[in-house]
Amino acid sequence: MAWILVALGVALFFVLAIRQAALWQWALAALAIGVLAMLRPETGLAFSSNIAGWVFALLPAVALGLLALPPIRRFVLTGPAYGMVKKILPKISRTEQEALDAGTVGWDAEIFSGQPDWDKLFDIRKPVLTEEEQAFLDGPCEEVCTMIDDWDTRHNRMDMPPEVWQFLKDKGFLGMLIGKEHGGLGFSAQAQSQVVSKIASRSIAAGITVMVPNSLGPGELLEKYGTPEQQEKYLGRLARGQEVPCFALTGPHAGSDAAGMRDVGVVCYGTYEGKEVLGVRLSWDKRYITLAPVATLLGLAFNLHDPDNHLGKGEDVGITLALVPADYPGVEIGRRHLPARAAFMNGPTSGKDVFVPMDFLIGGPEYAGQGWRMLMECLSTGRAISLPAIGTVSIKGALRTTSAYARIRRQFGISIGMMEGVAEGMARLVKSAYQFEASRAMTAAMVDDGQKPAVISAALKYRTTDEMRHRVDDAMDIHGGRAVQDGPSNYLFSGYQTIPVAITVEGANILTRTLITFAQGALRAHPYLLAEVRAAQDSDRQRGLKAFDRAFAGHVGFMLRNKTATFFHNVTGGRFASSPVRHELKRWYRQVHRYAQSFALAADWTVIFLGGDLKRKQMLSGRMADAFSELYLLSTALKRFEDDGRMPEDIAIVDAIARDRIAGIEEALGGVIDNFPNPLFRFALSVLIFPFGRRARPSRDRENFRLARSVLGQSALRDRLTRGVYVSFDPDDRTGLLEDALAKVEAAAEIEKKFFRALKKGEIDRRLDRDAIADAVEKGILTPEEAEIMRIADEATDRVIRVDDFDFDALARPQAGHQTEITTAAQ
């Protein structure tokens, strides 16, 4: 009987914990166990008359039943806990609160919950464009790509030519996000992302130029918060390119800590257009502002003070946004930075005691002090579109060019792509191209669904740009000397050169990973934590206690479920985890569920144990961010497989990606456990998450070699993996040269085999003083017709592998007397 009761108790515990049962259900279960414990089978199933035994058996049920009553629970348990939490919880600053309030949660909340609802993943729309958007992508976007000469832009001019600037303005590229009612294109986030991607595949400078006005800038701020008068005055002009906007946020003392800016505005009376009006006296010093050197309209963030309380919001109003014409008296603007020697416009702006009227404030006085919330809401969507687009297309572009080069270029008598050392990097390019296009497309689709994915966009920004760094490195390594010799025909170096910019902007990757992704995600996406924090900081104690009690009770059930479900799924290898599909990839859905549960447990314990130290323990929070982002990336790869129609040839790619992602999750969670500050928690986490040790392994060499070979040549798969990249077949174009040569080399493939067999046998010899192809014809190895095809392929190959060289003085810079004045920190 005792063993039966133990087994029943364990089974009930597992069921109730995994179902996250209410306390009254636990009380009923305890009552049933207690009653059964008092049965005496040897007396014909009669109950024991031992009063002490009955008290002991029923005590857990009584205690749980009483705790199920909110007034008693608040008095005995949550009331004391509430008081303790109020004392130890650090006060959330206004800017932190506004950052938490900005944006929405979606699939990130499913990951943090540990029980992903697959319907919510599949409900995210497919990445499709309207007919109008597709026509724009195929028309004006394609046309401007043909106009761009990247070498001329970044080497000769350090700017785009006037005709490209004018085309971008005339065709509405700078106003894609502005609604049609204001004269803009009114494009979806998906369309904006794809337009930026395609242009960036031709020129990073051009891509950034189009990206910035359609990301965090005056256009979006005016659309969402501008007064009717401001919208009427500026939106049409911005949409038509008659105004070029920039937005000045970052300063010398406020980079990632933008809330610590020293730029200031003081509410006072002053003279504007000959009249004394209420306004703001501004002083600012900003740097790294993209488009500032050519901007006609300056967006500005500053801390607003109102010592005389003219606005009725107190003395310290808070971060406020203004819109100031670039030619307004006192505005210093027009100088340039040189970011990684890239050609896009970037520079400083400053002003001292510049008086502007109140109607220069974006949204007017009503929105004074709300600037940080406005910025965070815009950034949560803009960051989901901009840099993921550029990072992803850089990976896809690297794959497109490298796959062609690896097939065309021969060493040791074979295409270099057939060498395992080269194939290793090629396989990484294949997997990353599929993976990050999946994450780019799904995240943009979230924005089009009305979400503001602040946590996801932060994770995607740092993961995409970091992946871009490594995959472009792979492409450079495979190309060797062809990649490092810069010049008009080099199609890799420009992107390679600009990578540090992408890593740094819109939140430097170090802090985006270690401070934003997990620290904000843990509060925003956790099912109970934010409610507990808000309750603890409620000025009304009774109201706060009731809210805290509800959240705390749910949190206790959440913790029990996390421990139980985590152990269960890890012991069983995820075999009983959920999957929405029945095809070959169902095991990976189950692994997402399994490791999301493990992540939820680790996240909960990390936040509870570290508390206010979470911001300081950035190595731990960075690893948790990695685990979260791995789960998100794998989810997007699985979603893409469904959206693309379950292409059979993609199964091998998704399998390899999944193996890599799961290995990455185990590495990240393992690092958290190995470095967890509390040894007891460390041991418990290790047992619950890795009961049999860390067993995941990344994709195998054989899989990766097959992936590399699958793109060595023209194919539908190669085209799909690099969709969105500008493709030219013009042999006089720097990338068209590759496509042209690839077609010619493939046409000569069978002929090449005969030719190279003859070379190996010593029947012919390749020397500069002989024509080996003519020798092959003479010896009957090739026919004249085959020789012509071979010669065409040979000539195309020579053009591909050649590098640029210059006249001795061609690269010299202007001498003294022609130099531009440079302002340095020392000066």
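Hi everyone, let's start with a pair of helices: α15 and α16 cross in a left-handed way, meaning that the near helix is turned anticlockwise from the far one by less than a right angle (clockwise would be right-handed). Helices here are DSSP runs of H or I with at least four residues, strands are E runs of at least two, and both are numbered from the N terminus.

A quick word on the source: this is a predicted model, where local features need pLDDT of at least 70, side-chain atom pairs count only at pLDDT 80 or more, and totals for chains, interfaces and linings use all residues. Residues are numbered from 1 along each chain as its sequence is written, and side-chain values use heavy atoms, with hydrogens and water left out.

Back to our pair. The axes of α15 (residues 371-408) and α16 (residues 420-448) come within 9 Å and cross at roughly 155 degrees. Axes are lines fitted to C-alpha atoms, for helices over the stretch in contact, and angles run from 0 to 180 degrees between N-to-C directions. α15 is therefore roughly antiparallel to α16; angles over 145 degrees count as that, under 35 as roughly parallel, 65 to 115 as roughly perpendicular, and the rest as oblique.

Who makes the contact (heavy atoms within 4.5 Å)? Among the residues are Ala384, Ile395 and Leu399 of α15, and Leu429, Phe436 and Val447 of α16. By class, this contact has 13 nonpolar, six polar and three charged residues. Nonpolar covers Ala, Val, Leu, Ile, Met, Phe, Trp, Tyr, Cys and Pro; charged covers Asp, Glu, Lys and Arg; the others, Gly among them, are polar.

Now a second pair. Helix α22 (residues 541-571) and helix α23 (residues 586-610) have axes that come within 9 Å and cross at roughly 135 degrees, so α22 and α23 are oblique to each other. The contact includes Phe558 and Met559 of α22, with Leu601 and Trp605 of α23. Its classes are seven nonpolar, eight polar and four charged residues.

Let's zoom in on one residue. Is Phe167 buried or exposed? Phe167 is buried, with a relative accessible area of 10%; buried means under 20%, exposed over 50%, and partly exposed in between, using a 1.4 Å probe and protein chains only. Phe167 sits in helix α10 (residues 162-170). Leaving aside residues up to four places away in sequence, Phe167 touches Pro140, Glu143, Val144, Met147 and Phe173.

Finally, the whole protein: it has 32 helices and 11 strands, and buried residues make up 55% of its 827 residues.

Definitions and conventions: Contact means heavy atoms within 4.5 Å.
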